[in-house]
Amino acid sequence: DGVADWYSEYLEMPGYGAVTETLAELVGPGSGRSLDVGCGIGHHLPVVAALGWSPVGLDLSADMLRRVRDAHRPLVLGDAASLPVADNSLDLVTSCLAHTDVDGE
């Protein structure tokens, strides 16, 4: 917690759009439930929704979830190490740039 405001500004930097474009290309159109693990401020939730998916955002940081702009998306405060979803209940799982926030141990 405590970096959500900085992260929101970071996503506005030139070049970050390539991450969003690549996500959209890799995911492609579809339907069904999707989970964005480590969704941060929810930057990619509307992108995935525009492709036809029904995304849910999950993040460990209440501060990040506080900054989610798309208030119509379901959000879950939770840990990626113990996902609060049943096995085989999702059609798509995404995670963008969260690898920098995972403990290496």
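Student: In this predicted model, which residue is the bridge partner of L35 in β2?

Tutor: The model is a prediction. Strand β1 and strand β2, the latter spanning residues 54-59, run parallel and are joined by five bridges. In β2, the residue paired with L35 is V56.

Student: What is the handedness of the crossover from β1 to β2?

Tutor: Between β1 and β2 the chain passes through helix α3, residues 45-50. A clockwise run from the first strand over the helix to the second counts as right-handed.

Student: Which residue in β4 stands opposite D36?

Tutor: Strand β1 is also joined to strand β4, residues 92-94, by three bridges, and these two strands run parallel. D36 has a bridge partner in β2 as well, namely G57. In β4, the residue opposite D36 is T94.

Student: Which residue in β3 is the bridge partner of L58?

Tutor: Strand β2 is joined by three bridges to strand β3, residues 75-77, and the two run parallel. The bridge partner of L58 in β3 is V76.

Student: Is S34 buried or exposed?

Tutor: S34 belongs to strand β1. Leaving out residues up to four places away in sequence, S34 touches V48, W53, S54, P55, V56, L90 and L92. Its relative accessibility is 3%, and the cut-off for a buried residue is under 20%, so S34 is buried.

Student: How far apart in space are V37 and V93, C-alpha to C-alpha?

Tutor: V37 lies in strand β1, residues 33-37, and is buried at a relative accessible area of 11%. Beyond its neighbours within four places in sequence, V37 is in contact with L58, A80, L83, V93, T94, S95 and A98. V37 and V93 are 56 residues apart in sequence, while their C-alpha separation in space is 7.1 Å.

Student: Which residues make up the largest nonpolar core?

Tutor: In soluble globular proteins, nonpolar side chains tend to be buried together. Here, L23 touches V48 and C96, among others, when residues up to four places away in sequence are not counted. C96 is buried, with a relative accessible area of 17%. The largest nonpolar core has six residues: L23, V27, V48, W53, L92 and C96.

Student: How many disulfides are there?

Tutor: A disulfide is a covalent bond between the sulfur atoms of two cysteines. C39 is buried at a relative accessible area of 7%, and C96 is buried at 17%. To count as a disulfide, a pair of cysteine sulfur atoms must lie within 2.5 Å. By this rule the number of disulfides is zero.

Student: With which residue does the side chain of T20 form a polar contact of 3.3 Å?

Tutor: T20 lies in helix α2, residues 17-27, and counts as buried at 16% relative accessibility. Apart from its neighbours within four places in sequence, T20 is in contact with H43, H44 and V47. The polar contact of 3.3 Å joins the side chain of T20 to that of H44.

Conventions: Residues numbered from 1 in each chain as written. Predicted model: local features only at pLDDT ≥ 70, side-chain atom pairs only at ≥ 80, totals over all residues. Heavy atoms only, no water. Helix = DSSP H or I, 4+ residues; strand = E, 2+ residues; numbered from the N terminus. Buried < 20%, exposed > 50% of the residue type's maximum accessible area, 1.4 Å probe, protein only. Polar contact = N/O pair within 3.5 Å; in protein donor to acceptor, adjacent residues only side chain to side chain. Contact = heavy atoms within 4.5 Å. Core = buried A, V, L, I, M, F, W, Y, C linked by side-chain atoms within 4.5 Å. Pairing = 2+ DSSP bridges.
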